Amino acid sequence: MQANSHYFAIIEQITEGNMWLNDTIGFVPKNSWAIDPFGYSPTMAYLLRRMGFENMLIQRTHYELKKELAWNKNLEYIWRQSWDAEETTDIFVHMMPFYSYDIPHTCGPEPAVCCQFDFARTHGSFYELCPWGKHPVEINHENVQERALKLLDQYRKKSTLYRTNTLLVPLGDDFRYVSVDEAEGQFRNYQMIFDYINSSPSLNVEAKFGTLDDYFQTLREEADRINYSLPREIGSGQVGGFPSLSGDFFTYADRQQDYWSGYYASRPFFKAVDRVLEQTLRASEMLMAFLLGYCQRAQCEKLPTGYAYKLTAARRNLALFQHHDGVTGTAKDHVVLDYGTRMHTSLQDLHIFMSKAIEVLLGIRQEKSDQTPAQFDPEQMRSKYDALPVHRAISAREGTVQSVVLFNPLEQTREEIVMVVVSRPEVTVLDSNWTCVQSQVSPELQHDKSKIFTGRHRIHWKASVPALGLQTYYVANGFVGCEKAKPAKLKFFSKLSSIQCPTPYACSKVEGDVVEIENQHQTLTFDVKHGLLQKVIHKNGPQNVVAEEVGLYSSSGGAYLFLPDGDAQPIIQSGGHLVISEGPLMQEVYSYPETAWEKTPISHSTRIYNGGNTIQEFLIEKEYHVELLGKDFNDRELIVRYTTDIDNKRIFYSDLNGFQMSRRETYDKIPLQGNYYPMPSLAFMQGSNGQRFSVHSRQSLGAASLKEGWLEIMLDRRLVRDDGRGLGQGVMDNRVMNVVFHILMESNISLTSNYVSNPLPLSPSLLSHCVSAHLNYPLHAFIAKKPQEISVQTHLRSFSPLAAPLPCDLHIVSFKVPRPSKYSQQQLGDPRFVLMLHRRNWDSSYCWKARSQCTSVADQPVNLFNMFKGLAVLNARATSLNLLHEDTEILGYREQFGDVAQEGRVIIPPMELQTYKLELRPHQ
C-alpha cells in the first residue's frame with residue numbers, strides 16, 4: 001500500500017511475485033495495474049521503472065485533481081522523480097477519470113447508463129441491481145443498434161478527456177467472474193455490440209476485447225505516428241505527446257470532505273509489527289548469505305538450505321501484508337488476526353534461524369546437525385501475535401556469567417548504548433576479551449500506577465559492533481576486578497507518596513516546578529506537574545521551545561476516513577507520577593500522567609544518552625505507551641503534538657516509503673483532515689534560520705503541521721462506525737502498544753535557498769539518515785540460554801565480514817541468496833547472491849563529519865571485488881530491482897552501471913538503487 005509501505009517491503013513483494021510468475025509460467029510483467037490503493041507514491045513509479053516496467057495504471061486520486069488533469073487532457077502523463085534532471089526515471093501513467101473502477105464508472109461519465117452494460121447485475125444474481133433504476137437487458141438483434149449507440153455515446157464522451165484515439169474501458173469489479181456463466185454472459189453481450197459497431201463503417205470505431213498490454217501497445221503505436229504534444233509542454237524522450245509530472249497523490253478524497261487520512265494510523269500495532277518483520281527478514285537474509293558464502297562443503301549448506309522455505313514463507317507473509325487492506329489497517333477483525341498470525345509465525349521462525357546462524361558464524365555450532373536446538377534466545381520474546389514483546393531477563397546468579405551476542409545489520413561499525421534486562425542489579429559487563437566495560441543499572445518501569453517498578457532492572461553499556469558483524473559481551477555476577485554497574489539516581493514526583501524506593505537505588509523527591517536532564521549536547525526541561533517536555537537547550541547555542549502536548553480528537557470517521565469534530569483537546573491534567581533516572585550513560589524522565597480517566601490511555605518516557613562517539617547522544621528518544629481501550633475512548637483519536645518556536649510557515653516535509661521526502665503545506669481552503677499526510681518514517685519542519693526539527697519513527701503513522709511551529713502525529717484511533725468504504729465495521733480492536741520516536745534538532749552551517757517558495761522537497765541531513773537507519777535497523781541481541789560458571793572463561797570469536805565499513809551515504813538494502821532452496825542445483829557461473837545498494841541523498845547545508853561519526857561518503861567509487869574479508873566476488877553483473885532484467889539501459893540506468901563486471905567499480909548517483917548478482921567463494 002503506497003502510503004504506509006516501506007520501500008524494502010515493496011521491493012521484496014514485487015520481486016517475490018515477479019520471480020514466481022517467471023519460474024511458474026515464464027512470464028515477465030511490464031505493466032502495473034493498481035486501481036485500489038488510497039493515493040499514490042512516486043516511489044512506486046521509480047521502483048517499477050527500475051524493474052523493467054513500462055506503464056502504470058492508477059485510479060484513486062483526489063476528485064478535484066482528476067477534474068484539473070482531465071480539463072487539460074493530462075490524465076495520461078509521464079511520471080518523473082523530483083530529483084531527476086536527466087529523464088532516467090520516466091514511466092508512462094494512465095489515470096482513470098471517474099469516481100470508481102466498477103462498471104458504472106468505467107464506460108463513460110454517466111453511471112446510470114454504464115450500469116445498464118454490466119450484464120452480471122440481473123435479477124437472481126448475487127450482485128446488487130443498478131441503484132439508478134435502469135437495468136441491463138440481454139442484447140439481441142432487435143435492440144443491438146440502440147444499445148450499441150447508447151454505449152458508444154459514453155465511449156465518445158470519455159474519449160474527450162484523453163489525447164489519443166485509443167480508449168481503455170475496463171470491465172470488472174471486486175469479487176467478479178466467480179463463475180464461467182457470469183464471464184460468458186458479459187462476453188456474449190459485448191461481442192454482439194462489438195460486432196455491430198465493427199460492421200458499421202460510418203461509426204468510424206473499432207471495438208474489441210484486449211489486455212492491458214494491448215491497450216498500452218496500441219496507444220504507443222498511435223503516439224509514435226501522431227504528435228499529441230501541446231505548445232511549450234515539457235514532455236519526455238520515453239513517449240512523445242504527453243506532459244511530464246512530478247509529485248505524489250496524497251491525501252486522497254473521493255467526494256466532498258471525505259479525506260482518506262484515517263488509515264495512516266489505523267491498527268498502528270500491526271504497522272509496527274510490519275517493520276519488525278521487515279528488519280528481521282533483512283537480517284536473516286544477510287546471515288543466510290554469509291553462511292552460504294563462507295561455506296565450502298555440502299555439510300554446512302544444510303542449515304541455511306533447510307531453513308530456505310521458512311525464509312520464503314516470511315517474505316510472502318511480509319509481502320501479503322503490503323496489500324491495500326493490510327498495512328493500511330482497513331481489514332475486518334478476523335483478517336487482521338490472520339495477517340498478524342502469519343507475521344508472528346514468521347518472526348518466530350526467523351529468530352530460531354538467526355539464533356542458529358550466529359552460532360555457526362561465531363564458530364560454536366558444529367555442523368553435525370541443524371536439528372539440535374539453539375544455544376541462544378532472542379533478547380525480546382513475543383508470546384502472542386498481538387502482544388508487545390517482552391525483554392528476556394538475564395538471571396545473573398552469583399558466580400555466573402551469561403553471554404550476549406549482538407548482530408549489527410548496518411554497513412558501518414556501530415557504537416551504541418545497548419540495554420538488557422537483569423533479575424538482579426549487582427552485575428558487571430565484560431567485553432569479548434573479558435575486560436571491564438562501564439555500565440549503569442536502573443529499575444525497569446511499567447504502565448501501572450499502583451506498581452510502577454516491575455522488580456527487574458535495566459543494564460546499559462556502550463557496545464561496539466562491526467558492520468554486518470557480530471560481537472559478544474558478558475554479563476557477570478561476582479567477577480573480581482571490575483566495578484559493578486553503577487545504579488542510577490532516582491527522583492520522584494507524586495501526589496500520592498505511593499512510590500517506594502527500590503533497592504539498591506538512592507532516591508529523592510523532585511523539588512520545584514521544573515526538572516532537567518542533560519548530556520554533553522543538550523539540556524531538556526520538563527514541567528513537573530504535567531510530566532511534559534517544555535524546552536531543549538543546545539550546549540552550542542540555541543534554545544528551543546518544544547512543548548509537548550497529548551490530545552484527543554472526537555470524530556465520526558472510520559478505518560479509512562479521518563472526520564474530526566473540531567480540534568484535538570489536551571487530556572493531561574496536573575498531578576501525575578514522575579520518575580527521573582539519572583546515570584552516566586542514560587537519563588530518563590518517565591511520566592504516568594493524571595487524566596480524566598482512572599486508567600490513563602498513555603504514559604511515556606523521554607531518554608537522552610551519553611555515549612561519546614555515538615549517534616544517540618544527539619537525539620531525544622520518546623517512547624509512548626498507548627492503551628486506547630474501552631468505551632471511554634470510542635470515537636476518539638489520540639495524538640502527540642510538539643509545539644515549537646520554529647517559524648515553518650505551516651510547511652513540513654514527510655517521507656514517502658522511507659525512500660524520499662515530499663513537501664507538505666497546510667491550506668485553509670481544505671479541512672483539517674486534508675492537511676494530514678502519511679509519515680512512514682520521518683517528518684521535519686525547518687525555520688527561516690535553518691533550524692530543523694525532525695521526528696523519526698520506526699512505524700508508519702500520520703502527521704500534520706496545523707499551525708506555525710506545530711508538528712503533530714496520530715498515535716492510535718478507536719472508531720465505532722463503519723465509514724461506508726466497503727469494510728463494514730469500525731475499528732475497535734485496539735492493542736496495547738509502544739511507539740518510539742527519535743527527535744533530532746539541527747542548525748545548518750551554510751545558507752540554503754529560500755525553501756518556503758521552493759516546491760521541491762528538502763533532503764534529510766546525513767545525521768538524520770543515520771538516526772533513521774539506527775531506529776529502523778536496530779541491533780539484534782541474543783542471550784545465551786544457559787549461564788556459565790565465571791571460572792570457565794570461554795572466548796567467543798567476533799565476526800566481521802566487511803573489509804572496511806561502507807561510506808555513510810551508501811546503504812545495503814539487501815544482501816541475500818534469492819533462491820536458497822535451489823542453491824546446490826544452480827549451474828556454476830550463474831551468480832547465486834544478490835547485493836542491492838541505495839545511495840542516500842543528503843542536505844549538505846547541515847554538518848555531517850563531526851556529528852555522524854562518518855569516515856567517508858560515496859562520491860568515490862566502491863570496489864565490489866574487495867568488499868568482503870575472506871570472500872572472493874566473482875562474476876558480478878548488473879540487474880534490475882526484481883532480478884529479471886540484465887539489460888540495464890531499458891531500466892533507465894546510465895551506461896557505467898552495466899560495466900561493473902570488468903573492474904567491480906560501483907558508482908551510484910544520489911537517490912539511485914542498484915542491484916548486482918554475484919558469485920561468492922571463500923579465499924583458498
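Which residue in β17 is the bridge partner of Val441? In the predicted model described here, local features require a pLDDT of at least 70 and side-chain atom pairs count only at pLDDT 80 or more, whereas totals for chains, interfaces and linings use all residues. Residues are numbered from 1 along each chain as its sequence is written, and side-chain values use heavy atoms, with hydrogens and water left out.

The bridge partner of Val441 in β17 is Pro487. Helices (H or I, at least four residues) and strands (E, at least two) are taken as DSSP runs and numbered from the N terminus, and two strands are said to pair if DSSP finds at least two bridges between them. Strand β14, which comprises residues 439–445, pairs with β17 in the parallel sense over two bridges. Both strands belong to an open sheet of five strands with mixed pairing, in the order β9-β11-β15-β14-β17. The edges of this sheet are formed by β9 (393–394) and β17 (486–487), each of which pairs on one side only. Strands of a sheet pair through backbone hydrogen bonds, either parallel or antiparallel.

The structure holds five disulfides, a disulfide being a pair of cysteine sulfur atoms within 2.5 Å. Cys115 and Cys130 each lie in the loop between α4 (111–114) and α5 (144–159), so the pair ties together parts that are 15 residues apart in sequence. Cys115 counts as buried at 0% relative accessibility, and Cys130 is buried with a relative accessible area of 5%.

The disulfide between Cys501 and Cys507 has an S to S distance of 1.9 Å, and with 75 degrees about the S-S bond this link is right-handed. Here Cys501 is partly exposed, with a relative accessible area of 38%, and Cys507 is partly exposed, with a value of 30%.

In helix α9 (residues 298–306), the residues Cys300, Glu301, Leu303 and Pro304 are buried. These residues cover an arc of only 155 degrees around the axis, which puts them on the same side of α9; the arc is that of the directions from the helix axis to the C-beta atoms. The elements that cover the buried residues of α9 include α8 (268–293), α10 (308–321) and α11 (333–361), where contact means heavy atoms within 4.5 Å.

Rings of Phe, Tyr and Trp (its six-membered ring) pair if their centres lie within 6.5 Å, with planes under 30 degrees apart counted as stacked, over 60 as edge-to-face and the rest as tilted. By this rule the count comes to 45 aromatic pairs. Among them, the rings of Phe187 and Phe209 have their centres 4.9 Å apart and their planes at 25 degrees, so the pair is stacked. This pair links distant parts of the chain, 22 residues apart, with Phe187 in helix α6 (residues 180–198) and Phe209 in the loop between α6 and α7 (212–225). Phe187 counts as partly exposed at 40% relative accessibility, as does Phe209 at 37%. The rings of Tyr252 and Trp260 have their centres 5.0 Å apart and their planes at 55 degrees, so that pair is tilted. Tyr252 is buried, with a relative accessible area of 2%, and Trp260 is buried, with a value of 1%. Ring pairs also link Phe290, Tyr294, Phe799, Phe815, Tyr823, Phe833 and Phe868 into a cluster.

Key:
Buried < 20%, exposed > 50% of the residue type's maximum accessible area, 1.4 Å probe, protein only.
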